[in-house]
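Biologist: Hi, I'm new to this one. Could you walk me through it?

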Amino acid sequence: MTSWTSSQFLYEETKPCGIQFLERFKRSGRLSFKQYQALVFTLTFVAYIAFHAARKPNSIVKGTLSASTVRGGWSPFDGPDGTALLGQIDLAFLSVYAVGMFVAGHLGDRLDLRTFLTIGMIGTGLFTALFGVAFWANFHSFYYFLAVQVLAGWFQSIGWPCVVAVLGNWFDKKRRGMIMGVWSAHTSLGNITGSLLASGLLRYGWGWSFLGPALLITFLGLVVYFFLPVNPPTVGAERDGTEVDSTMRLGDTITESFLGSRMSTGLDRKAIGFTAAWKIPGVAPFAFCLFFTKLVSYTFLYWLPFYVSHNMIGGEYLSEETSGNLSTLFDVGGVVGGILAGYVSDQLDGRAITAAGFIYLAIPALFLYRIYGHISLTINIILMFISGVFVNGPFALITTAVSADLGTHKSLKGNARALATVTAIIDGTGSVGAAIGPVLTGYISEISWDAVFYMLMTAAFISGLLLTKLIITEVKAMLYGSEEEGGVATTSSPATRAPIDVLL
């Protein structure tokens, strides 16, 4: 397929050479649209599993680095302030990740997403490996570890805007909630994969715990570069007669071929600016909602194993290893919650209603876990799983389906160059909350764990309140069968809906 270049962007779109290779084995000489969708789903899924797996070695080796024994400790983390230094590294990583998300999203709508994502994956692999290199090179400078984590956080921030934008290009909104709900399981699976890989290699030296995930994400980065199709026009993919491209909107012209008119899909329009993206109806409420939602989720991610091991369950304290294994049930609940939230939002055609519903249900779930989780191991497991469903369900929904919906909002009039920017704004704002939550917990837990849970429940309540206006809009759309400006609901009666207004 002939490539094309737009003067408004900094890249040339071409069909990946891996796709050209696969087409040689097809009688028709081309892949079907569903095969492209399966390829995109799989590649973006495993890519973000690798991103999350590369984040886990830090938490796995903390005990080894901060151990007081000569054999286990590693300067400068083996001193009395070792835990604080490790906390500073985590804070630096999350802070740079949050800021980098905004920049990466802005660039993602102007660069080739396939190449940009590959750079993020290989860069993440490089600096994850460099952290482990200190083991063999005998590096002990705190600033070396800090600098490596800062740069790792920067490259990590490239991943999310890219994978959501690519997935949004291939799946329309009608099925996007359920599909992205299943797809969002990569977060939990990545955490589990990273934990198992880093733990398994730790026996050979803590440096290997970083090198393993680094090699994994580097290899998958190359696979992404050779095989990932960014959007249908680039590879000449055509839908069947029952489907319409997710970037088409009212006023666009449907053509028989996606290559017939790039203007009809909005792929050569000017990329949207950062300020303009904030003004898209629904972006700001969901972004600030995710700030508090992610604050709750990441507090559990960083502190749940510690909380479990330092609170009696069934009259006894669990070991660090058992506590770590038990805490993975929160992630399992998150997988179920993400899928369930996506399915419900598709059925209701209301993202805000679903997200807020899960968030409000998370409040009593957190309360019950704190009050009754200590009674027995069985009760703790059940309540932890339920908390994971309602805490991570809206987190997964907002960062995937909602971001993709808003990145193709009707106010953009078919301009497809907003997905990465909108995704970065929403998840970047949420990542600020993700950095703040664990830090606050470190201080508040010294007062009491009750205070920590009250903080989390308050954050969840505020998160739900921020969606109130959008909920009202979606309810009106359900009752009156019409769209309201500023909402994410899309329901309209068949008699009044324009033929190609299939999304927003």
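Modeller: Helices here are DSSP runs of H or I, at least four residues, numbered from the N terminus. Keep in mind that this is a predicted model, where local features need pLDDT of at least 70, side-chain atom pairs count only at pLDDT 80 or more, and totals for chains, interfaces and linings use all residues. Residues are numbered from 1 along each chain as its sequence is written, and side-chain values use heavy atoms, with hydrogens and water left out.

Biologist: Is Tyr360 buried, partly exposed or exposed, and why?

Modeller: Tyr360 counts as partly exposed because its relative accessibility is 31%. Buried means under 20% relative accessible area, exposed over 50%, and partly exposed in between (1.4 Å probe, protein chains only).

Biologist: Switching topic: where's Thr441, and is it buried or exposed?

Modeller: Thr441 is in helix α16 (residues 419–444). With 0% relative accessibility, Thr441 counts as buried. Its side chain reaches the backbone oxygen of Gly437 at 2.9 Å.

Biologist: What does Thr441 touch, leaving aside neighbours within four places in sequence?

Modeller: Thr441 is in contact (heavy atoms within 4.5 Å) with Thr299, Trp303, Trp449, Val452 and Met455.

Biologist: And Asn311, where is that found?

Modeller: Asn311 is in the loop between α12 (283–309) and α13. Asn311 is buried, because its relative accessible area is 17%. The Asn311 side chain reaches the backbone oxygen of Tyr307 at 2.7 Å. Not counting residues up to four places away in sequence, Asn311 touches Glu316, Tyr317, Arg370 and Trp449.

Biologist: What about Gly333, buried or exposed?

Modeller: Gly333 is in helix α13 (residues 320–348) and counts as buried, because its relative accessibility is 0%. Beyond residues up to four places away in sequence, Gly333 touches Phe385, Gly388 and Val389. Gly333 and Ser188 are 145 residues apart in sequence, yet 9.3 Å apart in space, C-alpha to C-alpha.

Key:
Helix = DSSP H or I, 4+ residues; strand = E, 2+ residues; numbered from the N terminus. Polar contact = N/O pair within 3.5 Å; in protein donor to acceptor, adjacent residues only side chain to side chain.
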